[in-house]
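The following note concerns the packing of helices in the structure shown below. Please read the points with the structure at hand.

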Amino acid sequence: MNESSSSTSASSMLAGKSDGEIEDILDRMLTRLALCDDSKLQDLLSKLLPLSISALSSPSQPVRNKVLEILNHVNKRIKHQQEIGLPLLELWKLYMECSFAPMVRNFCVVYIEMAIDRAPKEDKENLIPTFLGIISKLPSQHQEILLRISTKVIGECYSMQVSDEVADNYKNHGGLQDTMIFLDFGLHNLLYQATSQSERCPAGLSITQRDRVSGKKPLTSDMLQIRKLGILNIVQAMDLPSELVYPLYLAASVDRYLESVARRGDELLKKNTSGVNLEDINLINRLFLLFNGHTGPDQVPPDSRVTPASPSLRVKLMIVFCRSILAANSFPSTLQCIFGCIFGKDIYLFGCIYQ
């Protein structure tokens, strides 16, 4: 069952049907599901899952209850059978077609997240650039899930190298806003450490950023290593301006827990140092936020307050600031750096004084 025929079938089967007729169709599908052998379950799910989820666009509560009954049965059947695939491409197409039905899109994302681990490598590789190419247009909750999926696949597939064909796929998707969302999430991954989940305020991150990176489960060192290397390789392959990627390479180059990441970051940093424009205001502002975190009594929720980066990263950042006229003339950020070096965490008190 290919992508288009399955999605079209799901839409056409329900088009023009009354709620009672839709409920009857779902009831028959539930019976088929209950009687289906495990060996034939994957083929059945390629049709049943998009159909059932699309039915959630109905306002009828009995129809929605029937869909939830089907999905609950599906979850129980596949929970311990990782070899049973789910229709990843069909679910993504349904997601894109159903912007008018938030519930449909919510369930699509849930099952896309489940499907990604069961999908063929080629399907995953082809879909991730598509995710990242429209990420800015998606609701923030969906952005987080798809960004986590993307970095996971990027780590699994590209921690060693990136082919020219793959590089072209990432270069040709999305605009600047999409790229910046991915780069910010990539930076947060590079700053995240296996110990971050146990820390109230991990260095360089806020609590919210930490949780966006890890999701429901803390990331282990092995997971982080391949994800960080994959992110660095993809970012390099995208051939972006040095000012956009420089913070990522700086953060990677001082990774104290993952030597392979630090080596790769340092290698990329040396390649990009000569071309970076240290008088770029957007770059300098990003670096100041890394160095200082959020200072002063800004109206930033506690869980969203970014903490200063690690001492090793701050040393490298200070060297950068000393080479930039713009950084030297940036008030009050320069003074915040100085007082941060002197007083450490008490920099917040200084922020309160001059505000």
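1. Helices α3 and α6 pack with their axes 9 Å apart, at an angle of about 150 degrees. The two are therefore roughly antiparallel (an angle over 145 degrees). Axes are lines fitted to C-alpha atoms, for helices over the stretch in contact, and angles run from 0 to 180 degrees between N-to-C directions. Helices are DSSP runs (H or I, at least four residues), numbered from the N terminus.

2. The model is predicted: local features need pLDDT of at least 70, side-chain atom pairs count only at pLDDT 80 or more, and totals for chains, interfaces and linings use all residues. Residues are numbered from 1 along each chain as its sequence is written, and side-chain values use heavy atoms, with hydrogens and water left out.

3. In α3, residues L49, I53 and S54 meet V104, F107, C108 and Y111 of α6 (contact means heavy atoms within 4.5 Å).

4. Helix α4 (residues 61-78) has 18 residues and reaches 26 Å from its first C-alpha to its last, close to the 26 Å expected at 1.5 Å a residue; the expected span is 1.5 Å times one less than the number of residues.

Note on methods: Parallel < 35°, antiparallel > 145°, perpendicular 65-115°, else oblique.
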